[in-house]
Amino acid sequence: MTDAITRPGKIIAIHLSYASRADQRGRRPAAPSYFFKPASSVGVSGGTVERPAGTELLAFEGEIALVIGTAARRVSLADAWAHVGWVTASNDLGLYDLRANDKGSNVRSKGGDGYTPLGPELIDARTVDPAALRVRAWVNDDLRQDDTTAGLIFPLAQLVADLSQHFTLEPGDVILTGTPAGSSVIVPGDVVEIEVDAPDAAGAPTTGRLVTTVTQGDVPFDGAIGSLPAVDDLQRTEAWGSAEAAGLTNHPVPERAQRDEGPERAQRDEGAERAQRDEGLSPELRAKLLEAPTAGLSAQLRKRGHHSCFIDGVSANIAGTKIVGTAKTLRFVPFREDLFTSHGGGYNAQKRAFDAVNEGEIIVIEARGDATTGTLGDILALRARTRGAAGVITDGGVRDFDAVAEIGLPVFSQGAHPSVLGRKHVPWDVDVTIACGGASVQPGDIIVGDSDGVIVIPPSLVDEVVDAALDQEVEDAWIAEQVAAGHPVDGLFPMNAEWRARYAEARK
């Protein structure tokens, strides 16, 4: 390979592009979406790739790699292929143990050293039809993938044209064009071979076989520095390619907690990132929010044009409860027999939400205002409490109502109901924008609840809203003192110019 390929300026990979892979995963994107891989992930044929200590789901992905020959910026679809210099084979390796933590960016799950082997030979792009390329992958000489670019959802030239709308593709940049069905888990000792060729072109040009051997690492990740690897039935299913291949045929896998493509993926990423940062709730800000009443906070929101900040119809299970936290969202859809069969069992969205809630977060549940069934019970409440959750808000009912209160988890709901989840709801999705009690709630929104009710504060407004609310509390307390001293409220509440001047003098 040339120096440009061993150290490309950019590596851009598409999430999902082959119809066979889309059919395998049960979803087809409307438009291509991408992620970056670091240049340090490039490997060569004959090299090794390490499965880190403490992980289990390293997967191979045989792909066609495009190498840019001439710079492309805002090129048309008709001209895009002319900017591709070469075609080669690639193995877009990924560690699914880190996939959920990456929230779709794939920075760690696909950015490891040696996780992008390329080569061994380059095919001149001018000599081949981009719609007639073939990619094949073998594991220990067993053919696992065999597909052609005729099976792409998005033609190769479209990827070049699309990316060039957003930034300049420079000579040596690499585009990984996606993998067909057949990608699966590999283990230490496995030998993976990828070949790209053009069997119908003159001379049947080929890259030769790109060979990578899997080794076992002995250095675990340090949880004191960053998040640790974690796997569940969802990740096992996606890494192996199917529930059957993963040995999970008796455990239905619900809708994906994370999608690989499209606007919904982007929405989820943005919300999840905001929730993870928790920048808006420093100890100082949290203390202010605990001091400020929801009545005062909502008044300040209304002054700023936010009139739909209330989660209506809910009350606390523990009298006198005050909760403050960032929202982690969970959405239920109306019950339907086939959907509950596919999404209600196994490691469903409800369980994922309660397993993943972080300290200081509040699980906010969209139950469409239906109080005639439970949306959580004592076991899930105990899990949330153990995880350090600040509470739960649901516009549905709560099962095991007294037991949940005894656990000490604050829950705002429409009240008790003894039924199980499957009576009215199907657990559907987490970390997406939801509607709860008539309010829109996004992951990372600030939730404050007390005896007056529950409100939602956009993170961008929380600092000025809470400061203004606390200032108003001081003012209201002073007004109350004047009323207690016998002054009439007329002109005092709200204050006219005379009383405002007296208040300003008193504040000095």
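Student: Is Asp 400 buried, partly exposed or exposed?

Tutor: The general idea is a scale of relative accessible area: buried means under 20%, exposed over 50%, and partly exposed in between, with a 1.4 Å probe and protein chains only. Asp 400 has a relative accessible area of 32%, so Asp 400 is partly exposed. Please note that this is a predicted model, in which local features need pLDDT of at least 70 and side-chain atom pairs count only at pLDDT 80 or more, while totals for chains, interfaces and linings use all residues. Residues are numbered from 1 along each chain as its sequence is written, and side-chain values use heavy atoms, with hydrogens and water left out.

Student: Where is Asp 400 placed?

Tutor: Helices (H or I, at least four residues) and strands (E, at least two) are DSSP runs, numbered from the N terminus. Asp 400 belongs to the loop between β20 (391-394) and α13 (401-407). The phi of Asp 400 is positive, about 55°, although this residue is not a glycine.

Student: What is the phi of Asn 140, and where is Asn 140 placed?

Tutor: Asn 140, not a glycine either, has a positive phi of about 55°. Its place is the loop between β11 (134-139) and β12 (142-148). With a relative accessible area of 42%, Asn 140 is partly exposed.

Student: How many bridges join β11 to β12?

Tutor: Two strands pair if DSSP finds at least two bridges between them. Six bridges join β11 to β12, and the two strands run antiparallel. Arg 134, for instance, has Thr 148 in β12 as its bridge partner.

Student: In which order do the strands of the open sheet follow one another?

Tutor: The order of the five strands is β4-β15-β14-β11-β12, with mixed pairing. At the edges are β4 (47-53) and β12, each of which pairs on one side only. On average, neighbouring strands of this sheet are turned by 25° against each other, direction ignored. For such angles, axes are lines fitted to C-alpha atoms (for helices over the stretch in contact), and the angles run from 0 to 180 degrees between N-to-C directions.

Student: Which way do the residues of strand β1 point?

Tutor: In β1 (residues 11-14), Ile 11 and Ala 13 point one way, Ile 12 and Ile 14 point the other way, and all are buried.

Student: Which bridge partners does Ile 12 have in β13 and β2?

Tutor: The partner in β13 is Ile 175, and the partner in β2 is Phe 36. Strand β13 (residues 174-176) pairs with β1 in the parallel sense over three bridges, whereas β2 pairs with β1 in the antiparallel sense over four bridges.

Student: Is Lys 37 buried or exposed?

Tutor: Lys 37, a residue of strand β2 (residues 34-37), is buried, because its relative accessible area is 5%.

Student: With which side chain does the side chain of Lys 37 make a polar contact?

Tutor: A polar contact is a pair of N or O atoms within 3.5 Å; within protein, one must be able to donate a hydrogen and the other to accept it, and residues adjacent in sequence count only if both atoms are side-chain atoms. The side chain of Lys 37 makes such a contact with the side chain of Asp 92, at 2.6 Å.

Student: Where are cis peptide bonds found?

Tutor: One joins Gly 119 and Pro 120, with omega about 0°; Pro 120 is in the loop between β9 (116-118) and β10 (123-124). Another runs from Phe 493 to Pro 494, with omega near 0°.
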